[in-house]
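Hi,

Here is the structure I promised to pass on to you.

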Amino acid sequence: MAVDRRGFLKFVAGATTGVLATPVPWKLLDDASIWTQNWSWIPRNVDGANSYVSTISKLCPSAAGMKVRLVGERPVRVLPDDNHPLSMGGITALAVAEVQLMYSPSRVKRPLKHAGDGAYVAISWEEAEKMLKENLRRAGSKVAYVSGDETGTINELLSGMAKESGSEDFYVMPSEVQPAALAFASMNGKGQLGYDIENSDYVFAIGANILESWGTVLRNRAAFKKSHPAAKKPTVKFVYAGPVQNNTAAGADEWLPAKSGAEAIVAMGIANLLIKSGATINAPDFAEFKALAAQYTPQKVAALAGVAPAKLKAIAAELSKAQRPVVLTGSEFGQGTGVATVLAGTAVNMLLGSFGREGGVKALPLAPKVIASGMDRSESAQKDLVAYLSRISAGKVSKPRAMVFYEANPVYGLPQPAAMAKVMDKVPFKVAFTSFLDETAKACDLILPTPLGLERFDDVETPYGIGQAFYSLARPVAPCVIDGKPAADVLLSVATQLNMDLGFATFEEILQAKAEAAGADWDSLMEGEFFTSDAVAEQSNLRIAADVIGKALAAAPKAAKLSIAPVQKLSLGTPNTAIPPYNNKTIRRWELQKNEMYVAMNGATARELGVVKHDRIKLSNSSGSIQARVNIFEGVMPNTIAVLMGFGHTAFDEFSKGKGENVMELLTVGYEAGTGQSVWNVAGVNVSKA
Amino acid sequence: MQTKEFTIKWGMAIDLDKCTGCGACMVACQAENNLAPIADASNKIKVMNWITVYELSNGKPYPEHDVAYLPRPCQQCGHPPCVSVCPVIATDKNEEGGIVSQVTPRCIGCRYCMAACPYHARYFNWRDPVWPGGLEKALTPDVSVRPRGVVEKCTFCHHRWMAAKDKAIVEGRDPMDLAEGEYVTSCTEACPNGAITFGDLNNEEHEVAKLASSKHAHRLLERLGAHTQVYYVSRREWVLRQLDNYLEDEKVKG
């Protein structure tokens, strides 16, 4: 039978219909799609029993309380802890990545020695300890210790070792802690300033980036959460004064634009208005303060800080009306602020009657030190690392023969880092106790891997910002995944070999003693509980320290025509952690493209500079220079350039290294008149097309 | 086409006045759902995030400028545009709860669903998932790792619902009557500002149901009629106007 064209087409159409009507092609397609995804190199899920361990983050500066989920013995997730006073059901973008950071490609996996040719040589712990001991012995009293831990008792151990060897050179990496401690000390205060945000009915943050980088951020956010019920009017007004509409400004009910570094001036402007409306302080130097504050009229504050007079008056009036207002002062990027800023803010709290009152500012008692030769927190706050390195650079003090860095990354994290690194280069022997191969570790002769907070015992005592005394243990939730040793154990062993008497044989004994000194129950702490206390430190002869404020403000540098405003985000990590692997997806489109960073300015500033979005520019000043592209963002004050922190790492891994540039290069160190404290929250900059 | 209705309708209300764009939800989502990290995350078209936080601006110059942040998970549409275009029925909306499913092994990577989704909530897996340095040891056992070449999206942490139901069954309770908070998504749980509220939109006792009926609640591109199960709450009119591309002379409903 002949098949004609029509018959052939009918057959093809029929066959096609028949085939499609059967499940065969669909099943084959389904199977094909399944089997083509069956790739051997893709990890398989590993199941196991679930368990949860409560602990506290030593990685996140906000000391996040958290629950760690374990599957079998593997930690897989960090989850919020509803019952923790420093977490209250939330987690930060940094702490939530902490389990994953255990496996970060930039972790130091074993002790390393820097060979002469620049390479790293793996060595045993015995050899490492021997090298450390010999170099510390050789250095004698010419040794300096630098800590990146603000809240741990290990600082007593480090400072104790320094003192036992005859050195006074123990430093903590600069933060909000030092200016606050110095400010309170100059007021004759005892204890640590604490802020009872939870019970306040009006929160005015001057510079202090309270929802991102200032103090115990998660606790601050919990207070914000509670006072801002969804779809309803807030019960507490949050006002943020700063140069950039940053994360805190985005959540605040009102953003008060104020120049970077002008926090004390804003506070004095408020103080002036409060005094005019009849507020007073029972302090011996109130008359002096009153005369000083009178100089800061709304017009002067407008000229110096860029704050609209009407807005300043409105906020002063609202503060007066509030029942339990609290004023928080600090730097918008968590460092570099002066003592006068904290003093002026505390004076405003005193004028509002908020000092010592619920919902205001409290003086928190700190546990006494347990290592006799160590420094307590108020002593270590007097030690200014930036000033120390600058004095070495100027030849005013001799350089140490050895430097010990404990989880500190000054080569990246200090202002004018290149200059600071140059000073450290001159030190013959440097050792880094670190979890990650960071910039400082790369500059060291010996790199000693430390377990992360999830892999070791450690403690947290009353972080700056919290409104009540606090003590908690960080507990090892899993075995250490590298060949690491807790720095405290290594140092105690070396100290013993150097015949130092620190009074303790193990770090656990030190922690036990500290817990007891804090009034906490060791057994409860070991079960993941925490200690809090509403006790306050008794004060006597409290003054405003008007003379200190006056001197500092009189000599304050005038703001440059064009200044930079660093912006800090916890999601981009810290100098110690860099950008965690999961977190670079949170970087916005016009913050980073490939390895090029963007800086933000408003349209008027861009027009004045003759630049448009995406233009490549060079920002420079006497400290250094960086290159970036332009983003236009109207939430930046005029003549201000917002620069994101956390970029420009030259160490760590593919998730951080080489991305953008380090804003710290542009931050110029100055010294506050009256206190001598190093400050770097005001930086002028020149812009040219690159 | 009718909106699919269920006894339970899991939904989310996101308060845009409370979100400050911190990114905790995005990181928590990646860790919970085993998304691979990526060294260069600047190409936002080819980088996968099951939830993305967008920055909104009121468009006014300084000092009148205002900013808001908009977290955008899969909107779990009532009648999802992605479902009808899938040639292999890899995505569907049939299960109780109203979560739009995505069966990864069945997906042939044609990306019709991505073209159909008006929210850009679906992501094509352009790259082999790689966990350098032993990061795969922190993978959760709950969500399978997906290969390159398939489409992914937020599932409202569906595995957590399964776990909550299992728990209820073991305890002798009705798995279809979970109390508020027994099942929440990872992003909801992580948000330190409490900007995200999760629960049953059909249960008037659940906070999310109350928020969804608030006069301040709107849905994203609501006029497309996708009947999404994610509601956005804001007391700022300029924010609400941007959710559905309102014209200047149009009045925002509500």
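Predicted model: local features only at pLDDT ≥ 70, side-chain atom pairs only at ≥ 80, totals over all residues.

Let me begin with the interface. In chain B, 77 residues are in contact with 74 residues of chain A. Together the two chains bury about 6,100 Å², and carbon and sulfur atoms give 57% of that area. Of the area that chain B buries against chain A, 11% comes from B:Val27, B:Tyr62 and B:Pro141, more than from any other three residues.

There are charged and polar links too. Five salt bridges are found across the interface of chain B and chain A. A salt bridge also joins the side chains of A:Arg77 and B:Glu32, at 2.4 Å from N to O. Between chain B and chain A, 36 residue pairs are in polar contact. On the side of chain B that touches chain A, two or more residues come from each of α1 (24–32), β2 (52–57), β3 (67–72) and α5 (186–190) of chain B. The most come from α1(B), which gives seven residues. By class, this side of chain B has 40 nonpolar, 18 polar and 19 charged residues.

Now to the helix, α11 of chain A (residues 298–305). Its buried residues are A:Pro298, A:Val301 and A:Ala305. Seen down the axis of α11(A), these residues fall within an arc of 60 degrees, so they line one face of the helix. They pack against β11 (254–257), α9 (263–276) and α12 (309–321) of chain A. Just after α11(A) comes A:Gly306, with a positive phi of about 75 degrees.

Best wishes

Notes
Residues numbered from 1 in each chain as written. Chains lettered and ligands numbered in written order. Heavy atoms only, no water. Buried < 20%, exposed > 50% of the residue type's maximum accessible area, 1.4 Å probe, protein only. Helix = DSSP H or I, 4+ residues; strand = E, 2+ residues; numbered from the N terminus. Arc of directions from axis to C-beta. Contact = heavy atoms within 4.5 Å. Buried area = accessible area lost by both parts, 1.4 Å probe. Salt bridge = Lys/Arg side-chain N within 4 Å of Asp/Glu carboxyl O. Polar contact = N/O pair within 3.5 Å; in protein donor to acceptor, adjacent residues only side chain to side chain. Nonpolar A, V, L, I, M, F, W, Y, C, P; charged D, E, K, R; others polar.
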